[in-house]
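Please look over the structure below. Some questions and answers on it come after.

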Amino acid sequence: MTDNRTIALVAGVLVLLTAATAVGQFLKRHPDRGLDPAAVRTFNSRLRGWWILCTVLAAAFWLGTTATVVLFGLVSFWALREFITLTPTRKGDHRALFWVFFAFTPLHYVLVGLDRYDVFSVFLPVYATLFVLARVAFAGDYKRFLERTAKIQAGLVVCVYCLSFAPALLALPLPGAGKGGGNFRLLFFLILLVQFADCMQYVWSRMLGQRLVAPSVSSNRTWEGLLGSATSTSLLAAALWWAAPPFQLWQATLAGFVVAVMGFAGGMTMSAIKRDRGVKDYGTLVVGHGGVLDRIDSMCFAAPVFYHITLLVTGIRP
Amino acid sequence: MATATSQDAVMLSPADTRDLPPPQRPKARVRSPFCRAAGLGLAAAARLLAGASARWIASQPDTCQRVYFANHTSHLDALVIWASLPQSVREVTRPVAAKDYWTSGLVRRWLAEEVFDAILIDRTDIKVHQSPVDLMLREAGNSCSLIVFPEGGRSVSGEIGEFKSGLYYLAKKRPDLELIPVHIDNLNRVLPRGEFLPVPLLSCISFGPPLWLERGEAKLDFLARARRAVMALKE
């Protein structure tokens with residue numbers, strides 16, 4: 001696990017984070033630089049989030065594949081909690097929801113952990129869907145039936161199924177990398193790109209943003225942000241292609257482009273849901289709970305596409 | 001002895017009560033370390049399962065004697081409010097709960113009697129000479145806080161129903177107690193009426209500023225004011 005490329009990647013991330021933290025602290029101590037103090041605060045709190053993210057990931061990676069799958073499972077569980085809390089459900093959905101939370105979600109992650117791609121790729125989209133439809137019908141409440149079942153399915157697919165493709169990367173048989181280190185680098189590559197794309201989207205929208213994609217859904221996501229984020233993320237992916245084992249240069253670049261576009265789409269989608277429910281973010285829904293869904297929305301959309309692109313361009317079979 | 005004191009206090013008007021020696025708690029309850037540990041575990045489990053976050057709005061947790069009154073939506077209500085209090089406050093707070101529910105089954109009975117030390121009220125057998133309010137005050141003594149649900153039962157529609165008069169008599173007999181409005185949000189979706197398996201959604205418990213019975217305030221006015229105080233915490 002400790003080969004040169006891993007060391008280079010870890011060192012690079014540490015240096016970047018440390019440098020950024022130093023800059024952030026400097027700007028905080030010297031408010032006379034003409035920078036917006038609110039922006040500095042946002043920057044610093046983002047940095048704190050990245051330190052936490054990197055620490056948690058490092059601990060999970062060090063503990064191994066099972067610990068990482070469990071970590072993602074817990075994140076999914078919490079995100080689904082937020083999703084369903086925000087979604088109005090009726091009493092007739094209660095039993096179906098119980099099984100969704102305590103049977104389908106854990107079982108899906110067990111299948112991911114056991115590396116059963118053949119089963120987990122259909123388990124939630126087919127079997128959980130059929131179960132939810134039937135269980136709600138059996139409960140005898142037919143009011144807005146399709147709408148209610150669709151909400152539960154959307155929550156399951158976005159929060160659980162899609163996100164689980166990230167830890168599923170750990171089970172891919174990568175050529176030449178040996179199982180272990182290479183897979184963790186690939187997963188970290190994805191997480192890094194998603195975070196970077198999110199950040200770039202914000203920066204480009206702030207700097208050049210003119211044309212909003214959908215003003216009624218999001219007041220800060222612009223076409224310029226999308227384009228800028230896709231370009232910069234492609235460039236970063238190209239610069240880091242050596243860290244992601246199965247990729248050649250053009251494949252890594254393509255992955256970066258797709259991750260940025262999908263991440264943007266994920267953010268737009270969650271904004272639409274939040275606008276419909278009249279909340280600003282999932283964190284303010286219930287005070288004291290961090291809003292996990294706000295943090296992982298881009299990841300949920302990017303992970304499955306990244307996974308399948310990896311299969312497609314490298315010819316690896318799971 | 002303690003019983004007699006609090007019964008006497010009941011007969012007096014609020015102004016006179018202050019001159020009397022405060023009623024004594026009937027028995028010092030010494031719980032085994034096992035039950036205390038179970039209490040800590042139960043509180044943590046309840047908070048985790050119900051995703052409960054506590055908000056104190058213009059109000060602070062305190063071990064002074066209080067009555068927490070809340071809207072009632074689920075069997076979990078008393079447990080989750082109790083669990084949302086800081087540990088030192090939780091030690092001196094006793095939920096008032098329905099006897100029929102909390103004594104059916106050995107586990108529930110053990111939890112109610114030994115772990116969170118509930119005051120169980122028999123809803124089917126309310127007599128004039130043994131009113132629930134007297135029982136609550138006797139059990140609370142001069143140190144325990146209470147958690148009560150003035151609606152008397154869980155609301156079906158999710159709307160907060162009219163308050164029963166118990167809260168008024170409680171305030172009239174012990175005007176020194178702080179009445180803390182509590183609003184419970186979303187817990188009815190965690191464990192709705194008639195279900196026994198919970199769904200782990202996120203809920204929110206809001207504690208508001210204390211209120212007291214004003215001198216000469218009419219019963220209906222007071223109950224409406226108390227209900228509005230709970231509803232005001234909804235935002």
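The questions below go from one chain to the contact and then to single residues.

This is a predicted model, in which local features need pLDDT of at least 70, side-chain atom pairs count only at pLDDT 80 or more, and totals for chains, interfaces and linings use all residues. Residues are numbered from 1 along each chain as its sequence is written, while chains are lettered from A and ligands numbered from 1 in the order in which they are written.

Q: How many helices and strands are there in chain A?
A: Helices (H or I, at least four residues) and strands (E, at least two) are DSSP runs, numbered from the N terminus. Along the sequence, chain A reads α-α-α-α-α-α-α-α-α-α-α-α. The count for chain A is 12 helices and zero strands.

Q: What is the radius of gyration of chain A, and what would a compact globule have?
A: The radius is taken over C-alpha atoms, and the globule rule is 2.2 Å times the number of residues to the power 0.38. The C-alpha trace of chain A spans about 65 × 50 × 35 Å along its principal axes. For 318 residues the rule gives a value near 20 Å, and chain A agrees with 20 Å.

Q: How many residues of helix 8 of chain A are buried?
A: A residue is buried if 20 or more other C-beta atoms, placed from the backbone, lie within 10 Å of its own, exposed if 12 or fewer, and partly exposed in between. Across chain A, buried residues make up 39% of the 318 residues. Helix 8 (residues 181-208) of chain A reaches 39 Å from its first C-alpha to its last, close to the 40 Å expected at 1.5 Å a residue, counting one less than its number of residues. Helix 8 of chain A is mostly covered, the buried number being 20 of its 28 residues.

Q: At what angle do helix 10 and helix 12 of chain A pack?
A: Axes are lines fitted to C-alpha atoms over the stretch in contact, and angles run from 0 to 180 degrees between N-to-C directions. Here helix 10 (residues 249-277) and helix 12 (residues 292-314) of chain A have axes 8 Å apart and an angle of about 145 degrees.

Q: How many residues does each chain give to the contact between chain A and chain B?
A: Two residues are in contact if their C-beta atoms, placed from the backbone, lie within 7 Å. Chain B gives 13 residues, and chain A gives 14 residues.

Q: Which residues does B:Phe69 contact beyond its neighbours within four places in sequence?
A: B:Phe69 sits in strand 2 (residues 66-70) of chain B. B:Phe69 is buried because 27 other C-beta atoms lie within 10 Å. Leaving those neighbours aside, its contacts are B:Val148, B:Pro150, B:Leu167, B:Leu179, B:Pro181, B:Val182 and B:Ala226.

Q: Is B:Ala58 buried or exposed?
A: B:Ala58 lies in the loop between strand 1 (52-56) and strand 2 of chain B. Its phi is near 50 degrees, a positive value in a residue other than glycine. With 9 other C-beta atoms within 10 Å, B:Ala58 is exposed.

Q: Is B:Asp117 buried or exposed?
A: B:Asp117 is in the loop between helix 7 (106-115) and strand 4 (119-121) of chain B. B:Asp117 is not a glycine, yet has a positive phi of about 55 degrees. With 21 C-beta neighbours inside 10 Å, B:Asp117 counts as buried.
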